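Have a look at the sequence and the model, and then read on.

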Amino acid sequence: MSVSTATRQRRVAEPKPAASARRNVYEDVRFQFNKAADLMKLDPSTRKILGTTMNEVVIHFPVKMDDGRIEVFTGYRVQHNNALGPFKGGLRFHPAVNIDEVRALATWMTWKSAIAGIPFGGGKGGIQMDPSKYSVSELERITRRFTFALGNTIGPEYDIPAPDVNTNGQIMAWILDTYQSMMPANDRQRMLHVVTGKPIEAGGSLGRDKATGQGVVYLIREWAKDRKFELKGASYTVQGFGNVGSWAARLLKPFGSTLVAAEDVTGAIANEAGLDPDDLAKHVRAKGGVAGFAGAKPITHLAFLRTKADIFIPAALENQITAETAPLLNVRLVAEGANGPTDPNGDRTLFERKIDLLPDILCNSGGVIVSYFEWLQNKRSESWELQEVDCKLYRRIVDAYARVRETARQYKVDWRTAAYVVALARLEKVYRERGIFP
Ligand code: NAD
């Protein structure tokens, strides 16, 4: 395995981020945005528009629990920008969901769609709660009541949610059913595309479930080609073994790479000789997490971060790679399956240490790209073969990769900043052509 240094991301003078002690991801987004906007001299009017979110909805809604008690939940939907098309972005159910996190995630969605060249804007939402504490019927009522409370905040041509952390096809199916029930009977059948990431039977697309992990693996392959790096015999670690992490781990295996450590909310495990990702995914489905997987030893969080491997795929939550943790990593590439796993201090350290980075807004865009395909299929009453979905995803995400690589070379910057420049240039052009009403 050899990594050419000729095309390594080069270092330029950079603004200094605030200390890692603060953990406000929205500040991180603004930092990343300002850095790219300064670099490309973004038009000041476009900068003002894109520097803030468009709409923010906060809803406190009551739900009846199984034992008859009422609990009041807080839910959010933030719409960052829709210059390129309807707002688009996931719904997260997690105790740490808050307005700034949702703002950050909504903003990243705008950049992601712009880089991928799909006609969507950026939105995101969530409910602040720990779903593991509720029964299935409670989760259903929470989801349906939140959908009802959102009302016309979402819509198939206006704002289209999808799965994110702790939400899945079942939750999307409940949202679809509730939304359709709120519409006049005559309109209902035209509403299928109000959410994406649905189960196949409820109008979902083949390949959407694995799409984000699939996109991560397509890009790792492109990176390996560029670096003349042999994936056969390479090793990797994965943080988060949910939708994105487990699919990425499973889809990398056929290239002859070995998963040597994995971590999720239940703990971290390792085996230098390899963990079988398919068996591990089965174990996680049965036991709820990676802990206790046969043939692996439990390790600490720090030992997980220090694990020597070629590739690290963070696929859990934000702020995992920071000034404190980036120096511990012993890898050549960080491929961001998660949104915001690296804060600006972490970015700086990775860059200084010449660790390559496939940034979230490029690397995990497979999900929104196939969501776009699902949306199109629903609108056209079509259903595409898996091969067609995969092929279209490959072409689009590899095109986006090439644009970001070219921009990184042109501006001599890290790939995250380059990805921002690609997104901002597209949006700047749209605003220049469309102008501002009135
Ligand atoms: P998921 O709920 O399916 O999985 C989340 C995983 O993270 C679980 O394995 C969980 O145990 C783990 N986790 C949670 N807290 C952790 C912690 N403190 N330490 C270690 N592991 C922890 O969610 P997902 O859909 O796979 O999303 C994961 C990430 O990918 C998120 O950042 C999400 O925004 C991003 N993402 C998801 C999609 C998608 O299509 N689902 C698309 C793009 C980006």
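## Around Asp347

Contact here means heavy atoms within 4.5 Å. This is a predicted model, in which local features need pLDDT of at least 70, side-chain atom pairs count only at pLDDT 80 or more, and totals for chains, interfaces and linings use all residues. Residues are numbered from 1 along each chain as its sequence is written, and side-chain values use heavy atoms, with hydrogens and water left out.

Asp347 belongs to helix α10 (residues 344–352); helices are DSSP runs (H or I, at least four residues) numbered from the N terminus. Is Asp347 buried or exposed? Asp347 is buried, with a relative accessible area of 14%. Buried means under 20% relative accessible area, exposed over 50%, and partly exposed in between (1.4 Å probe, protein chains only).

## Domains and cores

The domain assignment, which is automatic or from a database, gives domain 1 (54–202) and domain 2 (211–363). Their centres, taken over C-alpha atoms, are 28 Å apart. Across the boundary, 11 residues of domain 1 are in contact with eight residues of domain 2.

A nonpolar core is a set of buried Ala, Val, Leu, Ile, Met, Phe, Trp, Tyr and Cys residues joined through side-chain atoms within 4.5 Å. The largest such core has 86 residues, of which Trp111, Ile220, Phe241, Ile313 and Leu358 touch the most other members. Helix α14 (residues 415–434) gives the most to this core, with 11 residues. Because domain 1 and domain 2 both give residues to this core, it lies between them.

Not counting residues up to four places away in sequence, Ile220 touches Leu231, Leu252, Ile311, Ile313, Leu333, Ala335 and Leu358. A second, separate core of 25 residues includes Val63, Phe93, Tyr134 and Leu139.

## The ligand

The table gives polar contacts (pairs of N or O atoms within 3.5 Å).

| Residue, backbone N or O atom | Distance to a ligand oxygen atom |
|---|---|
| Asn166 | 2.8 Å |
| Val265 | 3.1 Å |
| Gly337 | 3.4 Å |

On its own the ligand has 830 Å² of accessible area, and the protein covers 85% of this. Accessible areas come from the Shrake-Rupley method with a 1.4 Å probe.

Key
Helices (H or I, at least four residues) and strands (E, at least two) are DSSP runs, numbered from the N terminus. A polar contact is a pair of N or O atoms within 3.5 Å; within protein, one must be able to donate a hydrogen and the other to accept it, and residues adjacent in sequence count only if both atoms are side-chain atoms.
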